[in-house]
Amino acid sequence: RGGWSQVGADANPYQLATVFTSETAFNGNPLQSSSTIGMNPNLKPEKTSSIEAGFEAAFWDNRLCLDFTYYKTDSRNQILKLATTAASGYTSQVRNAGHIRNRGYEIQLGAVPIQTSKGFRWNLDLNYGANSSKVVKLDDEGLITSYRLYSSGIQILASVGEAYGTLFGTSYVRDANGNVVVDANGLPKISTTNKTLGKFTPDWTGGISNTFSYRSLSLSFLIDASVGGSIFSNTNKTGKYTGVLANTLSGRDAEHGGLWYYTAAMGNNVRLPESPSYSVSSDGLYYAQVNGQSTRVYQDGIMVEGVTESGSKNEEVVSAEKYYHRIYSIAEANVYDASYVKLREVALSYRLPRLWTQKLHLQEASVTLTGRNLWTIYKSVPNIDPESALTTGNAQGVEAYSLPTTRSFGVNLSVKF
């Protein structure tokens, strides 16, 4: 099979002409103000062209079925508000810009591995899909190289030559060997320029569904997966800064791997070679004998794994608080792999005996118990659900203090008259 289509998308209203807005009069004199957005009387509708090709095949009396689809879509004349210098009289202008291409394929495989004469049947369905997106251009002149879709803690960009939805932000400074570079205090250095940290679109998605039926009973479950893609987590970012997450226990005291140290007269931290014999003051401070003097000591030391600017191994000790406060400002430290595998749904169904339904003047009746989002089998990002992004639109690569995902259970009664 094959197909070609082209569809348009209209602009929001009132974007063709720049008009004046009446304001509160000043000393009896009327006031009007102009919009800061330059409208466009020559605006054209967005246009998306698509081609699709595929085939379906069935074998062995439909015991094995295959469905393959390849597609490519090109979206042009996208309606964007492009930032401009305020000297033009506007801070942004509405323009037709952008050419984004998506291409990919989808595979569905259905099979009946077991079917017996006694009424047992096993249906197996698998699906796999991969999509590749690319921003071909943003303007005909080639002057615009990126368009900001979102910005708060990290930027989500549409950049020419890159996948749509690129995560762009501050990163660790690294040497030629990839080692983290620390400053004179032993804290990771923050890059002075932003860099690409990933993309929010997955490399591929897939799922497997199994249905086991025996006479009037049926049990099914669905497992789905999303592999690849990145997500910026504000929950982890803020949680590490405030110390409310369990993974910030590392280094906060000796019990959790914290190093003992004291602060010398020059202000630098000096690591103690071993756990000292200490006393605790009435206000909870630790004191130990250091070089024959009672000195305040600390047990929340962290030695960042990295190198100094000269290339030597880092040996400076910093407090856990300062370390977690530093990585708050490094977007790379809060970008995670968004991959997951989930037990999405389990359903148990029972079809009522025909003798019962006939007495009720029904053709068929069944009761189904359903549970959804029952188990996250695998995920890489801690403390959040990788599906809990801000929106399903341009900010889908950003999570912001999301509530935990809920499980749901339901009972369904289906009848046919």
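Author: Happy to! Let's begin with Ser366, which sits in strand β26 (strands are DSSP E runs of at least two residues, numbered from the N terminus). Please keep in mind that this is a predicted model, where local features need pLDDT of at least 70, side-chain atom pairs count only at pLDDT 80 or more, and totals for chains, interfaces and linings use all residues. Residues are numbered from 1 along each chain as its sequence is written, and side-chain values use heavy atoms, with hydrogens and water left out.

Reader: Thanks! Is Ser366 buried or exposed?

Author: Ser366 counts as buried because its relative accessibility is 13%. Buried means under 20% relative accessible area, exposed over 50%, and partly exposed in between, with a 1.4 Å probe and protein chains only.

Reader: And how far apart are the C-alpha atoms of Ser366 and Lys118?

Author: They are separated by 21 Å, while along the chain the two residues are 248 apart.

Reader: What else does strand β26 do, say for the lining of the largest pocket?

Author: Strand β26, residues 364–379, gives the most to that lining, with five residues. In total 18 residues line the pocket, and Thr376, Lys379, Asp385, Pro404 and Thr405 lie nearest its centre. A pocket here is an open set of points on a 1 Å grid over the protein atoms alone, where a 1.4 Å probe fits, with protein on both sides within 12 Å along at least five of seven lines; lining residues have an atom within 4 Å of a point.

Reader: New topic: which strands pair with β22?

Author: One of them is β21 (residues 286–290), antiparallel to β22 over five bridges; two strands pair if DSSP finds at least two bridges between them. Within that pairing, Tyr287 has Arg296 as its bridge partner. Strand β18 (residues 259–263) also pairs with β22 (residues 293–302), antiparallel over three bridges, and there Tyr261 stands opposite Tyr298. Strand β23 (residues 318–319) is joined to β22 by two bridges, again antiparallel, with Gly301 and Ser319 as bridge partners.

Reader: What happens in the hairpin of β21 and β22?

Author: Two residues lie between the strands, and Asn291 takes a positive phi near 55°.

Reader: Last one: where is Trp4, and why does it count as exposed?

Author: Trp4 is in strand β1, residues 2–9. Trp4 counts as exposed because its relative accessibility is 60%.

Technical notes:
Helix = DSSP H or I, 4+ residues; strand = E, 2+ residues; numbered from the N terminus.
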